[in-house]
Amino acid sequence: MRSDTIKKGEDRAPHRSLLKALGWTDREMELPVIGIASAFNEIIPGHKELNKIAEDVKAAVRLAGGNPVVFPVIGVCDGIAMGHSGMKYSLPSRELIADSIEVMAEAHQFDALVFIPNCDKIVPAMLMAAGRLNLPSVFISGGPMMAGHIKGGDKSGMSLSVMFEAVGKKKAGLISDEELLEYENSACPSCGSCSGMYTANSMNCLCEAIGMALPGNGTILSVTSARERLAKEAGFAVMELLKKDIRVRDIMTEDAFMNALKVDMALGCSTNTILHLPAIAHEVGIKIDLKEINRINEMVPNLCHLAPAGKHHIEDLDAAGGIMAVMNELDKKGLLNRDAVTVTGKSIYESYKNARNYDSTVIRNVDDPYSPTGGIKILFGSLAPNGAVVKKSAVSEKMLTHKGRARVFNSEEEAIAAIYGRKIEKGDVVVIRYEGPKGGPGMREMLSPTSAIMGMGLGDDVALITDGRFSGATRGASIGHVSPEAASSGPIALVEEGDIIDIDINDGRLDLLVSEEVLSTRRKNLKSFESKVKCGYLYRYMQKVKSADMGAVLGEE
């Protein structure tokens, strides 16, 4: 066993004395040590219940003959960090989490790992760490929260994105203080990851598609006993993987990533998956190119319109058959690699072959999709030579093509003030720059300005473009990850007030309609970017982070 390094032989007597200080017996010393990376804390609603999941995993590991040990992992609640300087730390926390897990697993020589995440950056960070460590590993999330309901309101329910848009409605005078409070008291009725197909649920669902989690991981509600049972099954599964010596890189293969991207397109996942999947693949030596993502987009139909793109929530997806039912639909067109290995020890086909689609209004039949192409589109053009990302499935038909004058802002705060100040007009293209991985630093999510646009009634008439990124709760013509970013002197840094920007989402184009001669002059006069951040973790992050089109991973330029 790998853990013998810390517990076998006379030279390890001092090590054993420390382990016995924990209460370990000589019999426990003979067992494999299973590290359980738990992201429990009392500030993230999706993480408050993770101690219960950890206890269920521990019970199963002990029953299966392992010695489970829990260690903590930090996390950021993107919803709470939204709209202020705290959001600068969200994406950078991904690298901290991955590094800290590596430290714990290597320093203590765990034999296998169970990962217990739930929310936005914690899931991809743990997948990155898993790929790096390449131990037998299983993921079990805390599960999604219930959809919210207002008495007498829409029976389809509500989610966090509705809450952010309600602020815009209040500022526009469309609802009262009392109505805003009713939204506030109803939007998030339980613990769990927020109830729409936002980043957290996107990544937890893709854990199933990529084979790193058991079926149900992404959709079974947090508050149910079914979630607890799944946690116990995850504990049993990791022990089987250890016996069979099935490791992460046996599962996270190129075929598995292609399956995950196809499910991503079918579900209409968060645009943040286009940051995270390349970063995870990078850890196992696989490169995901943005042009490959567009190729997949063209072949995979969009089968689901989950909040914020539509009225359905994760609980509806679960009731309809979950991720395995989605994969079964895709398999009808021969779109998946059936042989990819999963944490069950069997192929992914064995997991989804008997899955049923119980509700074709939630999971469209593959012959009757919402769209013949996928939910995420990569745009290229003179404004984004290295690519930009949009959640096409959440854009109205009217805004799939749009040409408008640029309204330029050098920070999120400037843009929000202009939107709420009624300075944005129909037809405008809001440009928010210097919010990329380096420029932010940290590449803040832009749910506040996109929700403000929606709440102010401009969603079908105004586009938003940024070198930052968007929350999975964002909807509308919101185009992010523009690369190269402004801080790296990308074309977005050259845009001036009143320039015309041409957007064609169907054709995958994003162009600045300014002559090369004019841009050349602007480029010569462009001042070098100088960050206001001069110390601390964000400063160190800024020095090493790569472009969004490369997954915003850390490394030398």
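I shall speak about the overall fold, then a pair of helices, and finally the cysteines.

This is a predicted model, in which local features need pLDDT of at least 70 and side-chain atom pairs count only at pLDDT 80 or more, while totals for chains, interfaces and linings use all residues. Residues are numbered from 1 along each chain as its sequence is written, and side-chain values use heavy atoms, with hydrogens and water left out.

The protein contains 21 helices and 12 strands; these are DSSP runs, H or I of at least four residues for helices and E of at least two for strands, numbered from the N terminus. Its radius of gyration, taken over C-alpha atoms, is 23 Å, close to the 24 Å that the globule rule gives for 557 residues, so the protein is as compact as a globular protein of that length. That rule is 2.2 Å times the number of residues to the power 0.38. Along the principal axes, the C-alpha atoms fill a box of roughly 75 × 50 × 50 Å. Of the 557 residues, 61% are buried, where buried means under 20% relative accessible area, exposed over 50% and partly exposed in between, with a 1.4 Å probe and protein chains only.

How do helix 7 and helix 8 pack? Helix 7 (residues 160–171) and helix 8 (residues 177–186) have axes 10 Å apart, at an angle of about 175°. The axes are lines fitted to C-alpha atoms over the stretch in contact, and angles run from 0 to 180 degrees between N-to-C directions. The two helices are therefore roughly antiparallel, a term for angles over 145 degrees. Residues in contact have heavy atoms within 4.5 Å; V162, M163, A166, V167, K169 and K170 of helix 7 meet D177, L180, Y183 and E184 of helix 8.

Let us turn to the cysteines. A disulfide is a covalent bond between the sulfur atoms of two cysteines; here the criterion is a pair of cysteine sulfur atoms within 2.5 Å. How many disulfides does the structure hold? There are zero. For C269, the nearest cysteine sulfur is that of C205, 6.5 Å away. The sulfur of C304 lies 8.9 Å from the closest cysteine sulfur, in C269, which is too far for a bond. C269 counts as buried because its relative accessibility is 0%, and C304 counts as buried at 1%.

Notes
Parallel < 35°, antiparallel > 145°, perpendicular 65-115°, else oblique.
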